[in-house]
Amino acid sequence: MGKVYVFDHPLIQHKLTFIRDKNTGTKEFRELVDEVASLMAFEITRHLPLEEVTVETPVETATAKVLSGKKLGLVPILRAGLGMVDGILKLIPAAKVGHVGLYRDPKTLKPVEYYVKLPKDVEEREFIVIDPMLATGGSAVEAINAIKKRGATNIKLMCLVAAPEGVEMMQEAHPDVDIYLAAMDEKLNEKGYIVPGLGDAGDRLFGTK
């Protein structure tokens, strides 16, 4: 069963409060999401392997450490996931970025894949799938289905806030995928919105209704 990590870092929790606030405007909301994504990326990359190299400092030769070439891929779920990508790329500028687009079928209400573009060396990469919200879990499950279908085997999911229902659905569908959150919220309401949540992340990021 995939593990669930909720980051309790004070800076993440502080900024998340203002992300939740309905009075936070588009510009500030976008900046805060970007900042929290960077802070979460700092935590999610703790496991990356290191190797030793030799470097010439201004004083002498030293043995130091660098990342050992682990290939990372970021996959935002369109469109709200785009709001978190730049914050992660600030820390991991060499990461390749793929995209997964989904729409909800008006009859079945289930997510349907309409666009998938991933780096060519899918099998060799560790992917971080990104979406601010994990509500029912349907979109995240389908996005990861799409990535696995193309050969990915090492996947993590990164969200700002989640409902327990979405986490449960993810764990049932993809027990090999660990989930990284800034907050585990209370529940879903009758409309499928996370409570207390932060509203519609896509609309708040891009100023749409």
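Start by selecting G137: with a relative accessibility of 3%, well under the 20% cut-off, this glycine counts as buried. Keep in mind as you click around that the model is predicted. G137 sits in the loop that runs between β9 (133-134) and α4 (138-149). Now show what surrounds it: leaving out residues up to four places away in sequence, G137 touches G166 and M169.

Next, colour a whole set. An unreviewed UniProt entry lists R79, R104, D131, P132, M133, L134, A135, T136, G137, G138, S139 and D200 under "binding site". From that set, the lining of the largest pocket takes in R79, R104, D131, M133, L134, A135, T136, G137, G138, S139 and D200.

Stay with that set and pick R104. Is R104 buried or exposed? Its relative accessibility is 57%, and the cut-off for exposed is over 50%, so R104 counts as exposed. You'll find R104 in strand β6 (residues 99-104). Setting aside neighbours within four places in sequence, R104 is in contact with L109, K110 and P111.

Last stop: helix α1, residues 10-20. Which residues of α1 are buried? Select I12, K15, L16 and I19. Look down the axis: these residues cover an arc of only 110°, which means they lie on the same side of α1.

Definitions and conventions:
Residues are numbered from 1 along each chain as its sequence is written. This is a predicted model: local features need pLDDT of at least 70, side-chain atom pairs count only at pLDDT 80 or more; totals for chains, interfaces and linings use all residues. Side-chain values use heavy atoms; hydrogens and water are left out. Buried means under 20% relative accessible area, exposed over 50%, partly exposed in between (1.4 Å probe, protein chains only). Helices (H or I, at least four residues) and strands (E, at least two) are DSSP runs, numbered from the N terminus. The arc is that of the directions from the helix axis to the C-beta atoms. UniProt positions are given in the numbering used here, feature names are shortened, and annotations may be inferred rather than shown by experiment. On a 1 Å grid over the protein atoms alone, a cavity is a set of points where a 1.4 Å probe fits but cannot get out, and a pocket is an open set with protein on both sides within 12 Å along at least five of seven lines; lining residues have an atom within 4 Å of a point. Contact means heavy atoms within 4.5 Å.
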